[in-house]
Each structure stands twice: as C-alpha cells, then as structure tokens.
Amino acid sequence: MISRVFRLRMWAPVGVLTSLTYCLHQRRVALAEPGGADDQNPVDRSLLELKMVQVVFRHGARSPLKPLPQEDQVEWKPQLLEVPPQTQLDYTVTNLAGGPKPHSPFDSQYHETTLKGGMFAGQLTKVGMEQMFALGERLRKNYVEDIPFLSPNFNPLEVFIRSTNIYRNLESTRCLLAGLFQHQKEGPIVIHTDEASSEVLYPNYQYCWNLRKRTRGRRQAASLQPGISEDLKKVKEAMGIASSDEVDFLVLLDNMAAEQLGPRIFFFLINTDGHTMGNAAADSEVRHPKAVHNLPSCPTLKRFAWMIEQRAVDTAMYILQWEDREGLQMAVGPFLHILESNLLKAVDPATPPSKTRKLYLYAAHDVTLMPLLMTLGIFDHKWPPFAVDLTVELYQHRESKEWFVQLYYRGKEQVPKGCSDRLCPLDQFLNTISVYTLNPEKYHMLCSEAQMMGLGNGE
C-alpha cells in the first residue's frame, strides 16, 4: 500500500459523548435478549430500526507496486486506465478541517516507478473502477432500495466520507459513490483526508515509534522460518531470480494480485513503512465484473500459485503476530476509536443531529482491514480482496429501545468475538473492541513509550 508513515494526527472533538460506562442497556427486557440461555426470547428483527451504517472498504484492482526482477515483464499499458463513463463523478478533497488537500508523498513515490508499458506503480485500473462501482450499486440496493434508509440522491447531511490521501483510494471512492447514488446529488461531494504524517486509516509505522520497533526485522526473519525459507528458495530458483534479490513471497504475490492469475483472484497487502506485508487469493465465490486483467505472466508463478499464497499468509501472520495485543492496538486502535465514537454519538440522546451521519464511508487498505478483522475475531486467514467492505450496522429496537450491532464482511453476516449472536448487543460489541481501542492520548503515549524507555536507559 504505502511506504512511510508518520506523526500524530489531531482528532476533531466528537462532542459530548457518554463514557464507555454509559448505560446502553438500562431498559433491557426479555424481548431484546438475542438468544438467551434457553433461546426463549429471540429478538424480533421486524422491530429493529436501522440508525447508522459504517463501511470500511479497500480500493479496487491496481497495477503492481514493484515489478519482479525478470527480463520478460508484463506490459501495463495506459489503456488499462480508461475511465468507465458510469463512474464519472465530481468531487472535492479537503483536509480533516475542511482546508486544502494535503500533499500526498505516496503518489509522488509511485510516480518514480514506471512499469513496462508506461503505467505507474499502484494505479487504479478500469477493472478496479468497475469493481468499486459494483460495490456502490450493492450498497444502494441494501440501503436505498431494499431498506429506505438513505436518500436516493447524495445528501451531505446524511453521508460523511473519508479516505487515505492516495489517488487510487480517492478515485475508488468516486466510483463507489457513482454506483451508490447514480450521479444524483443534492450538494457537493467532499472527501476528507489527512496528512500522511498523522493518518490513522492505516498502521502508521513512521509516527508510532513503538510499533515500528516491534515489527522491525520481522519480515526478514519470516523469510528465514522453516518451510517458508525452503519454499522461497525453490520458487526463486524456478523463476531464475537470484537469491540475493529482495524478493519474498509478498512481492511474488503482489504481482500475482495485479496480474490476476488463474480462476482465483489474488490481492495485496503492504506495510506502511514501504514493505509488502502479504497477499492472498479470495474465495472462488467472490466475483467482480471483469475481475481479471488477463495479462500474460510467468508460468512459474502459475505453477506455484497455491504455495505462494499460503506462504504469504504465513509471512504476514509472523509480522503481525496475533498475540501481540499492543501491536494491534497501535496498528488500528485509533481507527477503532473513530468507529466507536460514531456509535456512541449515535446512541447519546444529547448529540445534536448535525454531529452525526447516517452513513460513514472510510476508504482504507488491506493493511487496515486485516488487523481490524483480527481484533474483531473474524479474520479467515485470507487476504482482504480488492473492493471488499467491512460494514457495521447500528440498530435500535422500537419497543425496548435497546441498541444492537450487525457486522458484515464481504457481504456475509459475521459474529464478532464476545458476541453470542450475529445480532450483537451494543455493549457486548463495545466490550470486544475496547480491548484494542486507543484514544489519541493513549495512542500517543503507547507509541512513544518504547522510545522514552530507550532514552531513559541511555540508548
């Protein structure tokens, strides 16, 4: 995804929020208990009213970030960047305070790598634009047609949009909105973004010194692990790649993802300090319109496709380390805090209507989605595909006035850890994410903790 990432971001005040001890269930009644001990009182879903939706999504298909060191290279021609007419939509990009769009150091870096054929690294392709438009159409069906929740036309009073400041993400958001609102709008479309130095929609390794320290060297060490090391040597020899070349399973899988090899769809995950973290193939049931670039590729990649995928998963899991709670906190804790704050504002009766939205859209990356899925206990050991969405719905029971969360990943209902049912009481859901959520002050403290300890020890 990215290469270097940096300093502390400033959060806008979220208004008067109740604390986590706010009594979300002060009127708990049997009707609102989702599947009690004897399952005598399941929730009547017909009495639930949708109040808010938050969608975290990944950008669409793109060109690779780093070509393989081989003579025969795939040609990435500018024709692959053709913009489908149905995805055209005007939008404005601002910083979080509504000021000018920040500079994007990542896009500048991508432009330093010109691929064979003329395209730059990491560019959203026509295929990716169509994938995002299709996701927008699905959201329209869910929240405009099937349930009259959103207005059929874009309304800035109903929708808040935020994206990382990377062009493929901004353009992916444009395509999603075109599919969702079919070019109809009642006001300007504004996409909010942040400085790279203070972004929290991905793990910010450059700013978060402690996170960088924890993960430093893990990628190289992963390639030396038994099984991974032998398989990597086998693949590199078969492809004619020198052992000294800095190519691991993550780089191999990135190129497979971009070229879209075989009947399965491969995807990409990259570390925010500039290193690829992992890729994988999506399940065969996942379909996107024209979901292949159909580019010629190395037969060896095809032959070892399954191995490359599995070893990339192993490598990324070694880097992330599931048991490293503080590492996951620093990776996505600030983002979880934003999602949590949106929920708390929605249920707090003191929140003015102008301070909340029906729909929150967050354009992120698989480097974001993977640790999010891990913290929620729904990671399936497959990498988040292009144009995938993680959706959090908030409901209120019309009679009991209790609050519930429904979670979807790849369009399928999920049961977060700590929840007894797919329809999860809000307090249970908040308890689950509170293990990893970090407010700005705690995030800053935890990120700088190792550095301060090092200074104290004279390092």
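Cys-419 is buried, with a relative accessible area of 11%, where buried means under 20% relative accessible area, exposed over 50%, and partly exposed in between (1.4 Å probe, protein chains only). The model is a predicted one, in which local features need pLDDT of at least 70 and side-chain atom pairs count only at pLDDT 80 or more, while totals for chains, interfaces and linings use all residues. Residues are numbered from 1 along each chain as its sequence is written, and side-chain values use heavy atoms, with hydrogens and water left out.

The partner of Cys-419 is Cys-424, which is buried at a relative accessible area of 0%. Theirs is one of 2 disulfides in the structure, a disulfide being a pair of cysteine sulfur atoms within 2.5 Å. The other disulfide joins Cys-208 to Cys-447, and this pair links distant parts of the chain, 239 residues apart, with Cys-208 in the loop between strand S4 (190-193) and helix H4 (209-215) and Cys-447 in helix H13 (residues 440-456). Helices (H or I, at least four residues) and strands (E, at least two) are DSSP runs, numbered from the N terminus. Cys-208 is buried at 0% relative accessible area, and Cys-447 counts as buried at 2%.

| Disulfide | S to S distance | S-S torsion |
|---|---|---|
| Cys-208 and Cys-447 | 2.0 Å | about -90 degrees |
| Cys-419 and Cys-424 | 2.0 Å | about -70 degrees |

The torsion of about -90 degrees means that the Cys-208 and Cys-447 disulfide is left-handed, and the Cys-419 and Cys-424 disulfide is left-handed because its torsion is about -70 degrees. With bonded cysteines counted along the chain, the disulfides follow the pattern 1-4, 2-3.

Turning to the interior, buried residues make up 58% of the 459 residues in the chain. The largest nonpolar core has 54 residues, of which Val-56, Leu-390 and Phe-429 touch the most other members; such a core is a set of buried Ala, Val, Leu, Ile, Met, Phe, Trp, Tyr and Cys residues joined through side-chain atoms within 4.5 Å. Helix H10 (residues 325-347) supplies the largest share of this core, 11 residues. A second, separate core of 37 residues includes Met-129, Leu-150, Ala-363 and Phe-404.

Helix H7 (residues 249-259) is mostly covered, with 11 of its 11 residues buried, and among them are Phe-249, Asp-254 and Glu-259. H7 is followed by Gln-260, whose phi is positive, near 60 degrees.
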